[in-house]
Amino acid sequence: MKHKITLPESFPKIKYVPFGYLDNPYHSAVYNRSGIVRSVPPVGFGFWARRMPWAYGEGTMRNVNYLSFLHLSFYYDGVALHELVDYKNNNIELYSAYHTKNIMSYNFNFNDIEFDAKYILHGENSIVCILDLQNQSDKSKEITIHATNIYGFIERRWWGIGGTLGNYNDKEDMAISKIWSYGDIFALSSDRKSIARKATFDEEEWNTWIRNNNVESSENVSKLTDDAVYNMMSYKTKVEPNSSENMVIALSRNVNETYTVRNQKSVVANASELLKEKIDDDKKFYDQLSMLTGDWDDNWKQGWVYDYETLRMTIRQPLGIYKHHWDGMQIFTPRAVLGESALDMMCYSYADIEMAKEVIFGTFADAVDPNVPCSREDGSVNMIGESGQECGTAPTWGLPFHVILSIYNRDKDDEWIKKLYPYLKSYLEWWLENRTDEDGWFHCDNSWESGQDGSKRFLIAENEEGKTATYVRTVDVEATMANAFNNMIAFANIAGEKEDIPNWERLAKERIERTQNMFVEGWFRDFDARTEKPIILKDYYDVMMLLPLAVGVATTEQIESIKPMFSYFEENPKYWLDWPSFMFPFTEAAWNAGLYELTSKIIFETGNRIYERNTDNNLKTVGTRDTGLPKKYNYRIPGVATEFWPIEMDEKYLNGCENYGWGATLPTLVIRNIIGFRETIGSEDNFLLSPSLPVELLIAGKTYGISNLKWHGHIFDLNYKVRNSKELMVELKFQKEFNSAKVKLNGNHVSLNQPNCKSLLFEASNFEKYEIEIN
């Protein structure tokens, strides 16, 4: 392959960690347990088709189960680069210059050779590496590349499994690895002629071959074992002075050798075109992503990319009952959950708002029942309570109606609301019919339905998560239903269903009153229907009791009374501020209470914590879930979002799921609470800016920006230039001209500097709220 590769200019140029995933869009929980594709240090990728050691990791377990890796080693100037320790011992900085769900590169420089190994996945069966070697010296250089397929490590035996073998197909110049008598077949080859091939079951022998740069060939091997075969192909290339050489190395799988060889030949021959397709997809995404710019720490810029790439992988292609793209929550055992989908798509809407709208619509439209039960692609439901009820998540979890209104007010897509309206109506009517008691109070069937699995607010033991809890009258459900009914007034008008408006108005008024009446002794409380008394648990305060503030149905007096409790959560963050599902409503409530500085501080501390962990260039240990992975491959990786954001790196964190959607939603909180970009409700042309930079960022001369913010068809970049510990210069740069602009603070006009009809500047104070009107 000799084609010039041009990567998207919009992709941030940073040194990323050399660990990650490639998206396998064909993997699913029921129909096709294809497996996940994950990095293998130091410079490899592989198919992981057995259980992973964390929550939901069982979804990669197949009948024909294994690990199968493409491992690259290099021998150059008398040095073998084979394991991570070799890079460390030779003071080589190994990093990734390009890190998306479509392409991940490994990059390093050693003795005047710049190594660039770009990996892609084609279909679900071919890992393709495009290796580029650039000689930056005035002398020719000779490099040996040893490519190995490591195949085996069976977790659970199946009918037809005997042993493993490593063969050589001389006609095609391919290493062929098989499990006999029945299993997947792998082919390893290149677009260059090999100089040697050999195979062994002895890892130490394999290591010795590479460290001695052994380029002799050996016979085929076969053994009755569940362990791995090391099937190796060696190649040699000469790179002339100040020039480059590239080559393709690929690993393909299929169900027989004929199919496998056919796949392999195709991907090797077409690698350049396959790479271009991936690049084009990435360009489309990054051209529209709202990305941190300016003087933000590189950890934050890196972490932002890892978050959005996690979300890109979480969005699954249409399959089975899902006729639209859908949110799988995580990639190992994908399942559709309304609450998770809402949280994830709130964040994704700041990147690709059209995809976010499709996913939200499909979550309702493709559901098996109006309450959107948690389900998988075959229609099976997976949150059945003790009562036999097939549950989805309540409107409290992920705040779906709040999210829908936010997206609509930024986008004003009436057609989207018109399509959604009947499904939203059915959802609310289902809850009114099935989740209210004889006095009309809302409840959840069990703690799962609330989203708070096993919460003590439901008066149950920790191991009674699915136990019926219909006697708990839930204040957060009352509040979010009030919000939903309120939003439906506007949605009914948009959808042309004006006859529904009086009913929505009546329901909203009733639920607002009920919510406000559940305020007891300075705190919103659930009530026990059996005694009709508030549930007051000693020394227990639940973030979800802040939902009346988050959705704007608490009175001014209630907000003022409850404000001191935000400091309680700041001082006791463990658990409540560990979880993205709690952080979103908490920050929405704090912002509505006017606590901009507190909210900014908590989010900034959270970002520093999780982005530092996620950009740490080291493998992590796993938790206590033993899946029998070989010790060498039993690790967690940075470079991808994790299930939650713990204060402490304890066993709970290490057992949390890797590559998890809502763990990637910190950008939502940053955009809304540090950048302070928010929609207004009911305004055609206004949005809010409340710059809320934490004290650590208030360094005179520094500029903190974000690109591609979107508002009613306008796209603009926003910059905050710090003048002193309080004052900022705000600059908005629009892609298209606007007619006029106004900025107001507390109803008063702010003086503007408008050099042209595509930019806007004004002086602002940190932690103040400005109303921006663009026409």
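Analyst: One term is needed before the helices are discussed. A crossing of two helices is called left-handed if the near helix is turned anticlockwise from the far one by less than a right angle, and right-handed if clockwise. The model is predicted.

User: What is the handedness of the crossing of helix 9 and helix 12?

Analyst: Helix 9 covers residues 414–434 and helix 12 covers residues 501–516. Their axes come within 14 Å of each other. By the definition above, the crossing of helix 9 and helix 12 is left-handed.

User: Which word describes the orientation of helix 9 to helix 12?

Analyst: The axes of helix 9 and helix 12 cross at roughly 45°. Angles under 35 degrees count as roughly parallel, and 65 to 115 as roughly perpendicular. The angle of roughly 45° therefore makes helix 9, relative to helix 12, oblique.

User: How many charged residues are in the contact of helix 9 with helix 12?

Analyst: Helix 9 brings Tyr 421, Lys 425, Leu 428 and Leu 432, which meet Trp 504, Leu 507 and Arg 511 in helix 12. By class, this contact has five nonpolar residues and no polar ones. The number of charged residues is two.

User: Are helix 16 and helix 17 roughly parallel or roughly antiparallel to each other?

Analyst: Helix 16 (residues 580–592) and helix 17 have axes 8 Å apart, and the angle between them is about 155°. The cut-off for roughly antiparallel is an angle over 145 degrees. Helix 16 and helix 17 are therefore roughly antiparallel.

User: How many polar residues does the contact of helix 16 with helix 17 have?

Analyst: From helix 16 come Met 583, Phe 586, Thr 587, Ala 590 and Trp 591, and from helix 17 come Tyr 596, Thr 599, Ile 602, Ile 603 and Thr 606. Seven of these residues are nonpolar and none is charged. The polar residues number three.

User: Which helix gives the largest share of the lining of the largest cavity?

Analyst: The largest cavity has a volume of about 180 Å³. Its lining has 17 residues, and Ile 610, Asn 614, Val 640, Thr 642 and Tyr 653 lie nearest its centre. The largest share, four residues, comes from helix 17.

User: How many charged residues are in the lining of the second largest cavity?

Analyst: The second largest cavity holds about 100 Å³ of space. Its lining includes Trp 523, Phe 524, Arg 457, Arg 525, Asp 526 and Asp 542. By class, the lining has six nonpolar residues, no polar ones, and a charged count of four.

Conventions
Residues are numbered from 1 along each chain as its sequence is written. This is a predicted model: local features need pLDDT of at least 70, side-chain atom pairs count only at pLDDT 80 or more; totals for chains, interfaces and linings use all residues. Side-chain values use heavy atoms; hydrogens and water are left out. Axes are lines fitted to C-alpha atoms, for helices over the stretch in contact, and angles run from 0 to 180 degrees between N-to-C directions. Helices (H or I, at least four residues) and strands (E, at least two) are DSSP runs, numbered from the N terminus. Contact means heavy atoms within 4.5 Å. Ala, Val, Leu, Ile, Met, Phe, Trp, Tyr, Cys and Pro count as nonpolar, Asp, Glu, Lys and Arg as charged, and the others, Gly among them, as polar. On a 1 Å grid over the protein atoms alone, a cavity is a set of points where a 1.4 Å probe fits but cannot get out, and a pocket is an open set with protein on both sides within 12 Å along at least five of seven lines; lining residues have an atom within 4 Å of a point. Grid points are joined across faces, edges and corners, and a volume is the space filled by probe spheres set on the points.
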